[in-house]
Amino acid sequence: MVKPTERRVGYGIAIGYGVTDLFGGGAFAIIGSWLLYFYTTYCGLTVLEAGSIFAIARVIDALLSPIMGYITDNFGGTWLGRKFGRRRFFLLLSSPLMLLYALLWVTGMNYGYYLGTYLSIELLSAMVLVPWETLAAEMTNRYEERNRLSGMRMICSQLGGFLAVSVPGVIMQFTGKDNSVTYTLNGLIFSIVFCIAVFITWRCTWEAKDIEHPSSALPSPARRSGLLNHLKYLFLDLLSSFRIRAFRLHIIIYIFSFTAMDVFGAVFAWYVIYCLHQDAASISGWLSVAAFASVPGTWGFMQLLNKTGMSPAAALRLAYGSILAVLVFLFVVYFADITVPSLAFSVVFIVLGAARAGLYYIPWNIYSFIPDIDEMVTQQRREGIFAGVMVLTRKSTVALAILLISMVLEASGFVKGNGVQPESALHAIIGLMVFATAALLIVSFLATWRFALNRDTHKLLIKEIARRRMGGQPGDCDTQTRWVIKQLTGYEYDQVWGGNVTRRRAGEITFSDVP
């Protein structure tokens, strides 16, 4: 065993950890861009059949993520978990299974084959992404190092998204635009890339059990075996995650800000075409500029957190303010019917891309600190359940957002495919893209003022956890640390770490435990 201080996270390790998001950011970007077209054009499926595959997978995926989180949190008690790790075992298992991704892009099969292969990829993504997302919290408790891990992860995700839209175009130059081999070859290439990426992450990362860490000796609450009991414990763990004040605020920030970008992205193309009377090339160009700016944007926000000590809440407010300024610009351009030079639009979308990078990076960075706060309450490490809750809420809200957008546009008289839309439809597009997006961002903006996690408060929290692990007495905790723990957990100091809240969890949680 080695001491925690001897395992540091440099940029090489951070890149090794982050490359798995080539899969997270790339696989489903390819699916979103091409798979429906591939199914209906080359596989003989109707639009209804292809759509049903995505709908069924969405429901199943919403359930798989929290289940996988619960499994990884409790897998350490098994022989495989003790030998290979409760998280990294699933990376080692999944690396060769990434080759299944190529099977999505085979022609000449029936509906059952395409449903089965797509569901297998959803299962595989849960097996990889949920345990992988917990590793940043497992590998280090240093504030700067976790920021580095999350930053490199988001850069790799953006790179995966860029490759997803660019590689098929390169292949088409050799195979032709109307050839199913283009998509089959693309799927094979990416399956190999994903296989190698997950293996690199398995090789470069470690878990808390691999270092000298007193928390490994913390008692786990006694739990009965049996499927029904595990389902009950899963539900109670999901519910109990919302007991943590910082996590409740984090979920509000995460869901509202990400959903704001979903709404903006869903109607932006229609804004350009119908409100600004521009062509599809303009859409592609401006979005490409924003995507290009996202990589240095992520790097910039990472440096703000690490080098300047800016709090995550303040950095998020900077991102939200920049995006709100862009929304005001887009509204004024439409309302005043201003002709804006392309260069000016490019500058605006550089700002949007950089700010959006912060909006995406910071919430996933914050997630890696939530298990520390939870440990102060429960004396347990439950990274998996928090990852599962985040994925569950995210998958649910994105589906709801798309449904509501469709309902609003239909009620406004929008007719897809029409060259000209009625004024009511134009107002609906502007209302969704500008005012709905802004309203969601403002909710997140307000929540950041109550979010107390930063470098200083996290340092005090980690110091107190270490002191209590070593047998320190609760009465020796100073006033400032008590205040910080109250702000982060939502509980008075005497209620946590062996207090009545921790004891209630050991005896199973009830609905009344949620503050």
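Which residues are linked with Arg87 and Glu138 in a network of salt bridges? The network consists of Asp73, Arg86, Arg87, Glu138 and Glu383, a salt bridge being a side-chain nitrogen of Lys or Arg within 4 Å of a carboxyl oxygen of Asp or Glu.

The model is predicted, so that local features need pLDDT of at least 70 and side-chain atom pairs count only at pLDDT 80 or more, whereas totals for chains, interfaces and linings use all residues. Residues are numbered from 1 along each chain as its sequence is written, and side-chain values use heavy atoms, with hydrogens and water left out.

**Salt bridges**

A search of the whole structure finds 16 salt bridges. Three of these pairs are tabulated here.

| Pair | N to O distance | Residues apart |
|---|---|---|
| Glu138 and Arg87 | 3.0 Å | 51 residues |
| Arg146 and Asp372 | 2.4 Å | 226 residues |
| Glu375 and Arg469 | 2.9 Å | 94 residues |

The salt bridge between Glu138 and Arg87 links distant parts of the chain, with Glu138 in helix H6 (residues 111-139) and Arg87 in the loop between helix H4 (79-84) and helix H5 (88-97). Helices are DSSP runs (H or I, at least four residues), numbered from the N terminus. Both Glu138 and Arg87 are buried, that is, under 20% relative accessible area; exposed means over 50%, and partly exposed lies in between (1.4 Å probe, protein chains only).

Arg146 and Asp372 form a salt bridge that joins helix H7 (residues 143-175) to helix H14. Arg146 is buried because its relative accessible area is 1%, and Asp372 counts as buried at 2%.

**Helices H14 and H17**

Glu375 and Arg469 form a salt bridge connecting helix H14 with helix H17. Glu375 is buried, with a relative accessible area of 0%, whereas Arg469 is partly exposed at 22%.

The axes of H14 (residues 370-378) and H17 (residues 455-469) come within 10 Å and cross at roughly 40°. H14 is therefore oblique to H17, given that angles under 35 degrees count as roughly parallel, over 145 as roughly antiparallel, 65 to 115 as roughly perpendicular and the rest as oblique.

**Nonpolar surface patch**

Leu99, Val181, Leu185, Leu188, Ile189, Ile192, Val193, Ile196 and Ile200 make a nonpolar surface patch of about 680 Å². Patches are made of residues with over 30% relative accessible area and no salt bridge, nonpolar side chains being joined within 5 Å and like charges within 9 Å. Leu185 lies in helix H8 (residues 180-204) and counts as partly exposed because its relative accessibility is 34%.

How values were computed: Accessible areas come from the Shrake-Rupley method with a 1.4 Å probe; for residues, only the protein chains shown count as cover. Helices (H or I, at least four residues) and strands (E, at least two) are DSSP runs, numbered from the N terminus. Axes are lines fitted to C-alpha atoms, for helices over the stretch in contact, and angles run from 0 to 180 degrees between N-to-C directions.
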